[in-house]
Amino acid sequence: MAKGSKSSDSLRALTKSALAFRDEREWKQFHNFKDLAVTLSLEAAEVLEHAQWKTAAELEKYLRTHREQVGDELADVLHVLLLLAEHCGIDLAEAFEQKMKQNRLKYPVEKARGSAKKYHEL
Ligand SMILES: [Mg+2]
């Protein structure tokens, strides 16, 4: 993704907001790779908590009535992901585009369309 693209700009703006929130509270001292990665995993687990003990049908119904709560958890994941990427000096939009390029090669449309198989099974 070219620098200055819309996606890159909006991720940069979100990162700026996350960093301002962190810096106003003087929390940078607590933000290292290990603790941010642990927090990312914990926040992702909070997304999963919404699915725990529900059938697929119950979950679809639940998601229609708990969109805000699930959105809060997804925002927590994004918040920590932005901090972790910034900590590592990684341009997340660029890393994402690189990964999508790899995914397109791993999962060519003509082989992967409509299939849930892993790339090595295609
Ligand atoms: Mg959370």
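## A look around a predicted model

Let's start with E24, which counts as exposed because its relative accessibility is 60%, over the 50% cut-off. Keep in mind that this is a predicted model. You'll find E24 in helix α1, which covers residues 6-24. The side chain of E24 makes a polar contact with the side chain of R25, at 3.2 Å. If you compare E24 with V70, the two sit 46 residues apart in sequence and 26 Å apart in space, going from C-alpha to C-alpha.

**The aromatic pairs**

How many aromatic pairs does a search of the whole structure find? The search turns up 2. In one of them, the rings of F21 and W27 have centres 5.7 Å apart and planes at 75°, so this pair is edge-to-face; the cut-off for that label is over 60 degrees. Y107 and Y119 make an edge-to-face pair as well, with 5.9 Å from centre to centre and 85° between the planes. This pair links distant parts of the chain: Y107 is in the loop between α5 and α6 (109-112), while Y119 is in the segment after α6, 12 residues away.

| Residue | Relative accessible area | Class |
|---|---|---|
| F21 | 34% | partly exposed |
| W27 | 36% | partly exposed |
| Y107 | 28% | partly exposed |
| Y119 | 36% | partly exposed |

Y119 has a charged neighbour as well: K106 lies over the face of its ring, at 4.4 Å from the ring centre.

**Helix α5**

Helix α5 runs over residues 92-106, which makes 15 residues. From its first C-alpha to its last, α5 reaches 21 Å, close to the 21 Å expected at 1.5 Å a residue. What caps the N-terminal end of α5? That's D91: one of its side-chain oxygens lies 3.1 Å from the backbone nitrogen of A93.

**The magnesium site**

Now for the metal. Which residues coordinate the magnesium ion? They are E43, E46 and E73, each through OE, and D76 through OD, at 2.0 to 2.2 Å. Read along the chain, these donors follow the spacing E-x2-E-x26-E-x2-D. The site links distant parts of the chain: E43 belongs to helix α2 (residues 33-49) and E73 to helix α4 (residues 67-88), 30 residues apart.

Are E43 and E73 buried or exposed? E43 counts as buried because its relative accessibility is 15%, and buried means under 20%. E73 also counts as buried, because its value is 16%.

Where does H50 lie? Its place is the loop between α2 and α3 (56-65). H50 is buried, because its relative accessible area is 13%. With Y62, the link goes beyond touching: the side chains of H50 and Y62 make a polar contact at 2.6 Å.

Technical notes:
Residues numbered from 1 in each chain as written. Predicted model: local features only at pLDDT ≥ 70, side-chain atom pairs only at ≥ 80, totals over all residues. Heavy atoms only, no water. Donors = N, O, S within 2.8 Å, 3.2 Å for Na, K, Ca; no water. Helix = DSSP H or I, 4+ residues; strand = E, 2+ residues; numbered from the N terminus. Buried < 20%, exposed > 50% of the residue type's maximum accessible area, 1.4 Å probe, protein only. Expected span 1.5 Å × (residues − 1). Polar contact = N/O pair within 3.5 Å; in protein donor to acceptor, adjacent residues only side chain to side chain. Phe/Tyr/Trp six-rings, centres within 6.5 Å; stacked < 30°, edge-to-face > 60°. Lys NZ or Arg CZ within 6 Å of the ring centre and 35° of its normal.
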